Amino acid sequence: MAKPAPSGSTKKAGETPKKATKTPPEAKVETSFAETQGSGGETHQVAEGDVAVLTTQQGVPVADDQNSLKQGARGPTLLEDFHFREKIFHFDHERIPERVVHARGYAAHGFFELTDSLADVTRADIFQRVGERTPAFVRFSTVAGSKGSPDLARDVRGFAVKFYTKEGNWDLVGNNIPVFFIQDAIKFPDLIHAAKPAPDRAFPQAQTAHDNFWDFISLTPESMHMIMWIMSDRTLPRSFRTMEGFGVHTFRLLDADGRSTFVKFHWKPKAGLQSVVWNEAVKINGADPDFHRRDLWDAINAGDFPEWELGVQLFDEEFANSFDFDVLDSTKIIPEEILPVRIVGRLVLDRVVDNFFAETEQVAFCTQTVPPGIDVSNDPLLQGRNFSYLDTQLKRLGGPNFTHIPINAAKCPVSNFQQDGHMAMTNPKGRANYEPNTWGPVAGGPREDPVKGFRSYAAEPDGPKLRIRPESFADHYSQARQFLLSQEPIEQKHIGDALVFELSKVERPDIRSRVVSHLVNIDADLAATVADGLGMPVPEAAQAARPTNTDLAPSAALSIVRNGPNAFAGRKVGILVTDGTDAKLFAALTAALDAEDALFEVVAPKIGGATLSDGTLLAAKQKIDGGPSVLFDAIAVLPSAEGAALLAVDAPAKDFVTDAFAHCKFIGIGPKAEPLFQKAGLIDDLDEGCMPLTGAKDVASFVEACGALRFWPRELNVDLDAQ
Ligand code: HDD
């Protein structure tokens, strides 16, 4: 008879994670809605063992929620049925407009902890006291897709952080890429219209591989630096946990005397940078369209709290004027090698939301929400955003009181004379709703505080009123080239591949050609590779407003591969087992993964699991058809001899190994697995990334090798374009 089942699911056979330094996660108790939610937002306590009575929104107990009120058993439904009407009315109004961009997103709560005081340059309260924690809420998103689009679209990721500081909220509304497509906000509607589905046919969804997008891009040379970033694997993150974040614009920090220091904000993931490959992304979207949100949910609930360091690049007017590019131009970076990033704090996400709509959907970020000591710059993209975000919340959340929604409300005192409006939730008592006044115990409050209050930087106006793009914004190619040359060869190859793929979906040859004409200004080799991939001649270089500066030094900080973790912690192995799998080998592998703080999922022909060689019944997390290898960072294939013979004729099992091979993953091969690799056509191609797993020694080498995340040399053997 089978022994009791160890869990075959994630996180070390279901145990609490070993990361002992972390606070154990609060268990997420699955409850029914009605038991926890009061209509006024308060919690209604229900005595243990009791079930709450179902009520209408007005609190009237409901006797029958199965049948509408009818005239006779088979008669028409009556208008008088207020319970039915209220229920349907509320359902009909459940949806609010999705965000016009960044509609698909996922969020979590956490805190920011200051590790290095910035009191020397800013009076912002959040940056004063080392060790102090400030509550934070972070929403990650894709840009172009609608709310239900898949997570692994090739797209920029939003990285929006709301800090609930003691002197008001601060929204740092950034992306996972430090530059942007356009320099002036007036072009934002055009950019987004071009990227989103075409208005006549309403496709394609959540992708840029179409004529409209590349038409706009080919006519917008300022986008070229961003194009290099979005064609890189930065737009295919493995997880929200493995991507950087950037404030993008130059902001200002202000000290108590109003002195200004320019600042650029960076988020650096503790888990290291990691992306997936394009073919894998396409398949993940089918296998698990919620791949990123599931990953965040699972990691936080397992106590493996995602963490980022906050870094700042600080500089003054003199540096700004000496820098080759305009610091107000959002299509440019300041390389870390020129201006180091100073780490000043950490962001930890340690709590999932209770209700997706209330928190993730209703959270409203606004770039202009800054506390005293932080200010905006004249970057024309940021200036435009400062209008757009407030405006969009009115449309999306329905009124000016979106700041009363708990997720948006400041966690410090709020007092002013603004009143009423739709859904006003925090309503002051008393008579005076104007200022100045002489009512109240202390006449006239609340009053301004000239010392504590927010003050803008006293910038001097910069000349006549004009619609003009400054000369200092005119270089469109130099940093695009610098980014490209900062990549490892495999990363450069992926950029070329992505351009060929995207432009192959563009139907008009003149648009393809115009895009490649810009690539000529970036790098002749890249232009030649892409032209060859498209089967077209290399066109003349596009006319450049400024010639490309080919002397910019590459920056190691821009490569994903060079900034990986070199460890397998937090990553996941898919272990394929069958009846008769060697129990000792399975135990050795899972123990080694445990020791590495890595995860695993058991994949088996049947979801009920497999009976191991010692008679243990091992539950499966995935049936083989539902758990393809694209869901894992590496795979181990440990069937018994009989099991391997069965798997060898099973298409999903063959896909499991061929996909892992094609995606350059490390593959652990159990002693009896050969028939599967034989039938899958891989047996003659196995390389050093395909490692035998026979005993403890092999297992240790395999887990160690997995720390490199991918065996990149293989890609040259599995890609026709590379041969
Ligand atoms: Fe934006 C949402 C990031 C340029 C107008 N943007 C939005 C979100 C992020 C960004 C992360 C989602 C916030 C959330 O999770 O709720 N946007 C950026 C970055 C930009 C940028 C990093 C360039 C540096 N955006 C930009 C411009 C405009 C907008 C130039 C308009 C002039 N963005 C919006 C918006 C959104 C938005 C329409 C849609 C939903 C929302 O604001 O709350 O106002």
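Tyr106 is found in strand 1, residues 105–114. Strands here are DSSP runs of E with at least two residues, helices are runs of H or I with at least four residues, and both are numbered from the N terminus. Before I go on: this is a predicted model, in which local features need pLDDT of at least 70, side-chain atom pairs count only at pLDDT 80 or more, and totals for chains, interfaces and linings use all residues. Residues are numbered from 1 along each chain as its sequence is written.

Back to Tyr106. Tyr106 is buried, because 22 other C-beta atoms lie within 10 Å. The cut-offs are these: buried is 20 or more other C-beta atoms within 10 Å of the residue's own, exposed is 12 or fewer, partly exposed is in between, and C-beta atoms are placed from the backbone. Leaving aside neighbours within four places in sequence, Tyr106 is in contact with Phe140, His292, Arg293, Leu296 and Thr360. Contact means that two C-beta atoms, placed from the backbone, lie within 7 Å. Glu359 is 253 residues from Tyr106 along the chain, and their C-alpha atoms are separated by 9.8 Å.

Next, the ligand. Which residues come nearest to the ligand? Arg99, His102, Arg139, Gly158 and Ser388 do, out of 26 residues around the ligand. A residue is near a molecule or strand if its C-beta atom, placed from the backbone, lies within 6 Å of it. Two or more residues of the shell come from each of strand 2 (133–142), strand 3 (157–165), strand 4 (168–175) and helix 11. Helix 11 gives the most, with 6 residues. By class, the shell has 13 nonpolar, 10 polar and 3 charged residues. For the classes, Ala, Val, Leu, Ile, Met, Phe, Trp, Tyr, Cys and Pro count as nonpolar, Asp, Glu, Lys and Arg as charged, and the others, Gly among them, as polar.

Now the backbone. Most residues other than glycine have a negative phi, and most peptide bonds are trans. Here are the exceptions I picked out. A cis peptide bond joins Phe203 and Pro204, with omega about 0 degrees. Pro204 lies in the loop between helix 4 (188–195) and helix 5 (211–218). The bond from Glu435 to Pro436 is cis as well, with omega near 5 degrees. Pro436 sits in the loop between helix 11 (380–397) and helix 12 (478–485).

Two residues other than glycine have positive phi. For Asn566, phi is near 55 degrees, and the residue is in the loop between helix 15 (524–534) and strand 11 (572–576). Is Asn566 buried or exposed? Asn566 is exposed, because 9 other C-beta atoms lie within 10 Å. For Leu709, phi is near 70 degrees, and the loop in question runs between helix 20 and helix 21 (715–718). Leu709 counts as buried, because it has 26 C-beta neighbours inside 10 Å.

On to the nonpolar core, meaning a set of buried Ala, Val, Leu, Ile, Met, Phe, Trp, Tyr and Cys residues joined through C-beta atoms within 7 Å. The largest nonpolar core has 165 residues, of which Ile575, Ile635, Val637 and Leu638 touch the most other members. Beyond four places in sequence, Ile635 is in contact with Val573, Gly574, Leu576, Ser629, Phe656, Ala660, Lys665 and Ile667.

Phe600 is in strand 12, residues 599–604. Phe600 is buried, because 25 other C-beta atoms lie within 10 Å. Not counting residues up to four places away in sequence, Phe600 touches Lys572, Val573, Ile575, Thr590 and Leu593. Gly533, 67 residues from Phe600 in sequence, is 38 Å from Phe600 in space, C-alpha to C-alpha.

Thr581 is in the loop between strand 11 and helix 16. Thr581 counts as buried, because it has 26 C-beta neighbours inside 10 Å. Thr581 and Leu612 are 31 residues apart in sequence and 4.9 Å apart in space, C-alpha to C-alpha.

Last, a helix pair. Helix 16 (residues 583–595) and helix 20 (residues 696–706) pack at an angle of about 40 degrees, with their axes 9 Å apart. Axes are lines fitted to C-alpha atoms, for helices over the stretch in contact, and angles run from 0 to 180 degrees between N-to-C directions. Ala588, Leu589, Ala592 and Leu593 in helix 16 meet Ala696, Val699, Ala700 and Val703 in helix 20. By class, that contact has 8 nonpolar, no polar and no charged residues.
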